[in-house]
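Please look over the sequence and the 3D structure shown here before reading on. The report is meant to be read beside them.

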Amino acid sequence: MSNKGITPREEDYSQWYFDILERAELAENSSVRGCMVIKPYGYAIWENIQKNLDKMIKDAGVKNAYFPLFIPKSFFSKEASHVKGFAKECAIVTHYRLKENEAGDGVEVDENSKLEEELVVRPTSETIMYDTFSRWVSSWRDLPLKINQWANIVRWERRTRPFLRTTEFLWQEGHTVHSTHEESVQEVMDRLEMYVQFARDFLAMETYHGRKSESEKFAGAVNTYGVEAMMQDGKALQFGTSHDLGQNFAKAFGIQFTDTDGETKLPWQTSWGVSTRMMGALIMTHSDDNGLVLPPNIAPIKVVVVPIFNNENKEKVLSVASEIVKSLKKEVDAVELDERDFVSPGFKFNEWEKKGVPVRIEIGERDIESNNSVVVRRDTGEKESIGYEILASKVSDILSQIQENLLSKSKDNLVSKTHRVADFEEMKSVLKGDGGFVLTGWCGSEDCENSIKYYTKATTMCLIKDGEGKKGRCVYCGKESNDEWLFAKAY
RNA sequence: CGGGGAGUAGUUCAGUUGGCUAGAACGCUGCGUUUGGGACGCAGAGGCCGCAGGUUCAAGUCCUGUCUCCCCGACCA
């Protein structure tokens, strides 16, 4: 797996994700698969994502709220294509009570507690939120309505993958209601751009974004837009979506408003979200054979100070080290001192590298004598001796450099793995080789899309801005095409 | 749901044509020596060999059934 970074295979995450997640051990005979425990270090990354993204969401005038986990089954019958998209992956609550079994050694479902209407564990919250919105919206003065929720959701997928497709996952889902289509489309694009910006600034990830094809769009949407990242192994990963819902749901859930002209109208809606899948993208984008590599702007621990001592000089070294930590904390947050005396320094170096801490500072007797400390970068492995007086500001600079370097590496990876191809043969050979994105003409027909998928395993990712209106020929059927689309094998 | 593979210690796995008290490495516990790139020595704890049935003097090993997990597909964020 060298040079491909971390992939979501069991053998990889058991080795590298040791601090991030582990498979949940559920009931012996349970058919629950793909439920993961997010461990404290992994959850700290998620909290950093939450904190920073939540600020951007609020800056966009969106307010947080929380809606029920359980959705009456009947809500799902209201929007035809929505139910069709989710019906096959819903967990359903049918009873609300257990009783002791006859043998007296366990419990069983109490048949007397059957629910009159079954409840669906939310696979997404459009239905329950929009039912509520229908009571919140009655006038143009109530619009735009912009609501976001941070929640867990359940999708009973046939096949799961750690982080990328788990049965239960955490996400953020934003839902807005507007009086005009122009305004709702603007919201869709703004939130899409927000995700792109977030990925760039915090996750140090360069991505493509654009409209999804008809077959790839969200169940119930008029249009879906996605953010696509390129992993080190040549597979694409979609980690954010933004949907133009048109008036489909407004119609289905009876959301109406009286406009300034006195007319009763249907509003226009959007929804958009990113999930813990984003952490998978983050990990797979930057990490190497030595473990995680985390961008400083999202790392739970940005700097770790490893004192190197023996029984004789322990006290002295530790006191200098904690002085240094104190001065570092004035300029850098998330600094940690590793005082453990039961593992060797070499063990610590390795462990913090696996955890992806961006900067490690080593302080031992040698350094104290020369008023220096050894500063090591996780991204390049470079070591540098830096004096105490300038340490804090230097480290702060190095953290910015690491953030920049990771972004530029991600950009290089994206560019170098994007191939513009002339014909289908070339497309096949590119995808059979190192993979990556293929940029090529596509006539827009679902038949061609399916054939391309059949022969190459690649699907349409999205229509990026550069590709819009770029006339050419469809890579498969050879007919005239209006746009150049992005294809890739994807997770 | 189709194709392939695997279930033995906390983890990763050995375990021969059925044969004695089921093993290793790592991890864990204790003591000592160590500590600038995953330390070492000694002592120890830890097992319903996935589950149920069968064949046999004897089953981790053979047979039948069953459950679960992993990989590759189909489906999807």
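The sections below cover the model, the RNA surface, a sheet and some backbone details.

## About the model

This is a predicted model, in which local features need pLDDT of at least 70 and side-chain atom pairs count only at pLDDT 80 or more, whereas totals for chains, interfaces and linings use all residues. Residues are numbered from 1 along each chain as its sequence is written, while chains are lettered from A and ligands numbered from 1 in the order in which they are written.

## The surface near RNA strand B

Around RNA strand B there are 37 residues, and those that come nearest are Arg158, Arg159, Gly346, Gly364 and Arg366; a residue is near a strand if its C-beta atom, placed from the backbone, lies within 6 Å of it. Sorted by class, this surface has 18 charged, 11 polar and 8 nonpolar residues, where Asp, Glu, Lys and Arg count as charged, Ala, Val, Leu, Ile, Met, Phe, Trp, Tyr, Cys and Pro as nonpolar, and the others, Gly among them, as polar.

Which element gives the most residues to the surface near RNA strand B? Helix H9 does, with 8 residues. The elements that give two or more residues are helix H9 (345–355), strand S19 (359–364), helix H10 (365–369) and strand S20 (372–377); helices (H or I, at least four residues) and strands (E, at least two) are DSSP runs, numbered from the N terminus.

## An open sheet

Strands of a sheet pair through backbone hydrogen bonds, either parallel or antiparallel. Here 11 strands form an open sheet with mixed pairing, in the order S3-S9-S10-S16-S13-S12-S11-S24-S27-S23-S22; two strands pair if DSSP finds at least two bridges between them. Strand S3 (63–64) and strand S22 (418–420) each have a single partner strand and stand at the edges, so one side of each is left without a neighbour in the sheet.

Strand S3 runs parallel to strand S9 (residues 145–154), to which 2 bridges join it, and Lys63 stands opposite Ile147 in S9.

## Backbone details

Most residues other than glycine have a negative phi, and most peptide bonds are trans. A cis peptide bond, with omega about -5 degrees, joins Leu143 and Pro144, and Pro144 lies in the loop between helix H4 (126–136) and S9.

Ala334, in the loop between helix H8 (314–328) and strand S18 (335–337), has a positive phi, near 60 degrees. Ala334 is partly exposed, with 17 other C-beta atoms within 10 Å; a residue is buried at 20 or more such atoms, exposed at 12 or fewer, and partly exposed in between, with C-beta atoms placed from the backbone.
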